[in-house]
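Student: I should like to learn how to read the features of a protein model. Could we work through one together?

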Amino acid sequence: MSVMDTATLLTALTPILSVFLFLVLLRFPAVRAMPISLALTAALAMFFWRVPGVQVLAAALEGLIIAASILWIVFGAILLLNTLRESGAIDAIRNGFMYISADRRVQLIIIAWLFGAFIEGAAGFGTPAALCAPLLVALGFPPLAAVALALIANSSAVSFGAVGTPVIIGVGEGLQVGGSLAPSVAAYLGQQPFELFLRSVAVQAVQIDLLVGSFIPLILVAFLTRFFGANRSWREGLSIWPFALFAGFSFTIPALTVAALFGPEFPSLLGGLIGLAIVTPAARRGFLLPKEPWDFGATNAESSFSARLTLRRAWLPYLLVAGLLVITRLNGLPFKAWLQRFQVGWSQILGTEIGASFAPLYLPGTIFVLVAALTFFLHAMSRKQALQAFNRSARMLAGSAIALGAAVPMVRIFINSGVNEAGLESMPIELASLMVTAFGQAWPLAAPLVGSLGSFISGSATFSNLMFSLFQFSVAEQVGLPARIVLALQMIGANAGNMICVLNVVAAASVVNLLGQEGAIIRLTLRSMLYYVLGAGALGFLLTLIG
């Protein structure tokens, strides 16, 4: 590992420290905090890390291209929400959930934990929070609660998001060098097929999650009543612990079964569907629930009212979204290849090795916009209603463009800092290497922290796994730990990082018009992230001692 002086170390930490300083401690809105953080990161990367100016500029331009793809997803989610509001569908959906259960804790678990898991399995890349947070707001949840809790809920399912992308692409390609398995990985596997090894890593991750992630619904309801209830009570949330754990295991047990039997493509998608099929009728019958439903109090409560649309027609757009996401992500169907043919991007930006591209037709945002357009006809909307939905959505996007337009370039400068004249690895790799020296045989305690660092900075569990899987494998070999367990902890850490990732926070806040509250969101999600990381690390450490 390269020897880093204090100034260089602080430079590597700049993106992380600046986010916590400006967003969390000083409580700046993201539209101010992120441009400042970008300027600091770029200046220090050039001055201390000695990254060439052209590399910094190319990385920033790469970030702008990626930010454009995120903004398209955000715009589509906002447009769909506003269209459903104008058509009256949200009123009908809210009444439908009141029919299942008037208890806000139950509504939160069904929407954020189970429906969100299904959407994560189908689309991934921040889509669940973009869909679930506005739906919760429409049901009467405070916007801050909706965003923070939707981000916390989008955790366990991330391992197998977008039909297994974090495993198949993230870990799978992360263990390769130059298009083939890294020599150390090939030697470790011997005659064992790589696909079987990947499946064993995926199963190990869900096994750990069975004892850690299954408690996330209980955390959700406890946070809901403690921070957003009239009585600010932990007890009101914890009082439905039997139902919360029932809902937690209703996802994790099917996910484990699917991972073991069929591989990493469908655990979240099928686990979410099976969980919904189990928990929704149970909630309707009051199974494991107290007689008195919980609500926010008189200030936030909304009474049920008649809706213009039937519940089936109201849900049809969401069902179309889910169906289209599934059929356009399955490798066995031709739609994925068709939609990915048209690419927008820039290769070898400014003569560097940096490049970025995306397929606009394949992005979830395109499906959101398409379904919003179909809703105009399905719900017999007027032209005035459609224009109001579009105009409101465009206005809500302005602040997000500034925040994401600074946050993503900052991240890409951080990640692309491996090209430098200081003889250093990239900033994230240097930081991770420091942790190896500090932890040694106790590495399982730190492995999830590295995974969360990757997601926190990059905004993607897939990219975190791509960036750190080979590093984690090498550490496991150096200190004599099972590679399967260490890579599983990397996956879980990558899940946890999504809860506090600035890109996801800004995107989800934008959908519910909550720009400026990003620091408050991270202060809430950080607690759950630490539980998830520390719990998984402790369990992984015990597994290495036993095994």
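**Reading a helix and its surroundings**

Tutor: Helix 15 and helix 17 each supply at least two residues of a nonpolar patch. Helices here are DSSP runs (H or I, at least four residues), numbered from the N terminus. This is a predicted model: local features need pLDDT of at least 70, side-chain atom pairs count only at pLDDT 80 or more, and totals for chains, interfaces and linings use all residues. Residues are numbered from 1 along each chain as its sequence is written, and side-chain values use heavy atoms, with hydrogens and water left out.

Student: Which residues form the nonpolar patch on the surface?

Tutor: Nonpolar side chains (Val, Leu, Ile, Met, Phe, Trp, Tyr) are joined within 5 Å. Accessible areas come from the Shrake-Rupley method with a 1.4 Å probe, and for residues only the protein chains shown count as cover. Here the members are Leu316, Leu319, Leu370, Leu374 and Leu378, with about 390 Å² of accessible area together. Helix 17 gives the most, with 3 residues.

Student: How is the length of helix 17 checked?

Tutor: The expected span of a helix is 1.5 Å times one less than its number of residues. Helix 17 has 15 residues (364-378), so it should span 21 Å; its end C-alpha atoms are 20 Å apart, which agrees.

Student: Is Leu374 buried, partly exposed or exposed?

Tutor: Buried means under 20% relative accessible area, exposed over 50%, and partly exposed in between (1.4 Å probe, protein chains only). Leu374, in helix 17, is partly exposed because its relative accessible area is 36%. The buried residues of helix 17 include Phe368, Val371 and Thr375. Among the elements that cover the buried residues of this helix are helix 3 (53-87) and helix 6 (127-138).

Student: Which backbone oxygen does the side chain of His379 reach?

Tutor: The side chain of His379 reaches the backbone oxygen of Arg313 at 2.7 Å. Also just after helix 17, Ala380 takes a positive phi of about 50°.

Key:
Contact means heavy atoms within 4.5 Å. Patches are made of residues with over 30% relative accessible area and no salt bridge: like charges are joined within 9 Å, nonpolar side chains (Val, Leu, Ile, Met, Phe, Trp, Tyr) within 5 Å. A salt bridge is a side-chain nitrogen of Lys or Arg within 4 Å of a carboxyl oxygen of Asp or Glu. A polar contact is a pair of N or O atoms within 3.5 Å; within protein, one must be able to donate a hydrogen and the other to accept it, and residues adjacent in sequence count only if both atoms are side-chain atoms.
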